[in-house]
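Q: Can you take me through this one? I'd like to start with the contacts between the chains.

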2 protein chains.
Amino acid sequence: MTITAETLDRSRGLVAPALRQAVERLDPFTRLVVSYHLGWSDEHGRPTEANPGKSLRPALALLAAEAVTGVPEPGLPGAVAVELVHNFSLLHDDLMDRDTERRHRRTVWAVWGDATAVLAGDALLSLAHEVLTESESPYRQAAGQAVAIATRELIRGQVLDLAFEQRNDVTLDECLEMAAGKTGALLGVSAAIGAILAGAPQAVVAGLSRFGAELGMAFQLVDDLLGIWGSPVVTGKPVFADLVARKKTLPVTWSLDHGGEAGRELAAWLRRDGGLTEDELRYAAQLIERAGGRDWATQEARDRIGLAEHALDQAGLDDVVRNRLGQVARFVIERQS
Amino acid sequence: MTITAETLDRSRGLVAPALRQAVERLDPFTRLVVSYHLGWSDEHGRPTEANPGKSLRPALALLAAEAVTGVPEPGLPGAVAVELVHNFSLLHDDLMDRDTERRHRRTVWAVWGDATAVLAGDALLSLAHEVLTESESPYRQAAGQAVAIATRELIRGQVLDLAFEQRNDVTLDECLEMAAGKTGALLGVSAAIGAILAGAPQAVVAGLSRFGAELGMAFQLVDDLLGIWGSPVVTGKPVFADLVARKKTLPVTWSLDHGGEAGRELAAWLRRDGGLTEDELRYAAQLIERAGGRDWATQEARDRIGLAEHALDQAGLDDVVRNRLGQVARFVIERQS
């Protein structure tokens, strides 16, 4: 087991009981829905051993608390809160994007309908704040504020994402801004909240927040690469999922902006109507590759990790924890799902 | 102008600038959607003089703060927060219930689609907590916790409401429990939050909370009566709206449980498929009246107001404010929309 796998495992071990305790408070039906969504049970409530997700956000929250206090526990309410907000956004995004599968299972709206997905997401967003108000940290108010601001950014990102679907002239800058909202904001607060709750100096909080935000951009770039070239067996999503949906992801937008002839061919491909065969999807993926979008996104993800590590160095953390955070960052760009 | 109209007006005057300031932070599109929903602008962003709603919840929050401190201002962040949570729930409920009209205007999902209604609601729920974390009250954490718990109850109520649509055997007790969640919980916290933020003793907070919860039940009963017998011109909803949707409202459920022959006829009517003429709807309304459901709901609303006033008397408030709260309570059962 790598150090990062160990870090993520340890984090899941600490966070799972607190997360379950929070979810226990929901009404029985919403609890069932959330247990299913989180991979704890099947849709009838029978316990399962499903893939519980990466738990990247809670791991960051605990590591930041550890960086400040030497132990992860002060970050626990923050870890639970960011995991709840993350899952609130997954429940609502899957509904809005009409994605039918996540982590090899049907999404909540696909199983129970739209209203249930709306309500389960609402319940998790509210629960995140409930958990934070119960924290014994004297800094819980700043933590709640940071989560609320990140949620506002998250929503702004999703609003842009949906608006971009109606447009053919989305620029790379707009697309990067959208990713900063959709992915960067919550990873930023995830990396900072453990330090906030532990009462760390502002410079440490700011450094960790920048680290998380850059890591989030890298995360999104890798997600976009996996959405085109990832193995469906590993990702749990259909093959070429983002191309089927004609999503203006970062590698696609870069290719349209900077991809020359192949980029123009890609633009024409995106404007075509109707269903798509696997051959046509493979052709589009090749166009993005020829345009340079795949190489650009790969390099940009590495550069963002570099910026993330730089922010980390500036935060003045203890070496052991600093290195673990660095390893988590590298895990993000090496992951296959 | 009655004292209650004055109270509600004064409350709107105090709350509106703070509410606008909060909404200003949202991304431009969500800001437009929320401004439309709140009656501040039309769907193109042009300012309007639309009916801004009753603002009952913020008025309660301010009166409670006044009861404790002599001035309403300490309740302001609470007033804004409960109004935001209320509007979050309207946005999502209109979507889930597929209601196309509210306050004489098309609902947000009907204008912009489902995703926009989901995101605008999400934004307001998060904003409610953002506003509370910024309060300068040393009791803001207790206020945030109370709002989060009420939101959980609100969601539980909506979950029950949707589940009841699939069932023909909903009891009056279940229906009352649903109303306690959907309407009682948020009115309970609305009446208490001003006192919480002002640092009132627990007995005062508990009395105000009970007052609000009973007021909420009366409010729901009156809402259900207006949903059947209200004037569409005044309510802004289609005629017999709740009967068209075959909603198991409180007067309907009472009639099914206790309405004898007319109740059994009503049960048969509710099981019928297909579209409904205005004559058929009028017939159903008459059945509920013959079954005694209209009289029961009218009397039950009065009884709940009695319980609310009793809770108020136990809270030991200053006479002037206590009387204003009592007048707001009576306004709730005398209203026509």
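A: Start with Arg152(B), which forms a salt bridge with Glu130(A), the closest N and O atoms being 2.7 Å apart. A salt bridge here is a side-chain nitrogen of Lys or Arg within 4 Å of a carboxyl oxygen of Asp or Glu. This is a predicted model, where local features need pLDDT of at least 70, side-chain atom pairs count only at pLDDT 80 or more, and totals for chains, interfaces and linings use all residues. Residues are numbered from 1 along each chain as its sequence is written, chains are lettered from A and ligands numbered from 1 in the order in which they are written, and side-chain values use heavy atoms, with hydrogens and water left out.

Q: Which helices do Glu130(A) and Arg152(B) sit in?
A: Glu130(A) is in helix α6 (residues 114-134) of chain A, and Arg152(B) is in helix α7 of chain B. Helices (H or I, at least four residues) and strands (E, at least two) are DSSP runs, numbered from the N terminus.

Q: Is Glu130(A) buried or exposed? And Arg152(B), buried or exposed?
A: Glu130(A) counts as buried because its relative accessibility is 1%. Arg152(B) is also buried, at 18%. Buried means under 20% relative accessible area, exposed over 50%, and partly exposed in between (1.4 Å probe, protein chains only).

Q: What else is linked with that pair in a network of salt bridges?
A: Arg25(A) and Glu134(A) are linked with Glu130(A) and Arg152(B) in a network of salt bridges.

Q: How many salt bridges are there between chain B and chain A?
A: Two. Over all chains the count comes to 58.

Q: And polar contacts across the interface, how many residue pairs?
A: Ten residue pairs, both residues at pLDDT 80 or more. A polar contact is a pair of N or O atoms within 3.5 Å; within protein, one must be able to donate a hydrogen and the other to accept it, and residues adjacent in sequence count only if both atoms are side-chain atoms.

Q: Which element gives the most to the chain B side?
A: α7(B), with 13 residues. The elements of chain B that give two or more residues to that side are α2 (28-37), α4, α6 (114-134) and α7 (140-165).

Q: How much area do the two chains bury?
A: About 2,900 Å², with 68% of it on carbon and sulfur atoms. Buried area is the accessible area (1.4 Å probe) that two parts lose on being put together, summed over both. In terms of contact (heavy atoms within 4.5 Å), 35 residues of chain B touch 35 residues of chain A.

Q: How are the two copies related?
A: Chain B superposes on chain A by a rotation of 180° with 0.0 Å of shift along its axis, at an RMSD of 0.0 Å. The copies are therefore related as by a two-fold rotation axis. The same surface serves both, as 100% of the contact residues of chain B recur in chain A. The superposition is by least squares on the C-alpha atoms of residues with pLDDT of at least 70 in both.

Q: New topic, backbone. Which residue has a positive phi of about 45°?
A: Arg103(A), although it is not a glycine. Arg103(A) lies in the loop between β1 (101-102) and β2 (105-106) of chain A. Arg98(B) has a positive phi too, of about 55°. Arg98(B) is found in the loop between α4 (76-97) and β1 (101-102) of chain B, and is partly exposed at 39% relative accessibility.
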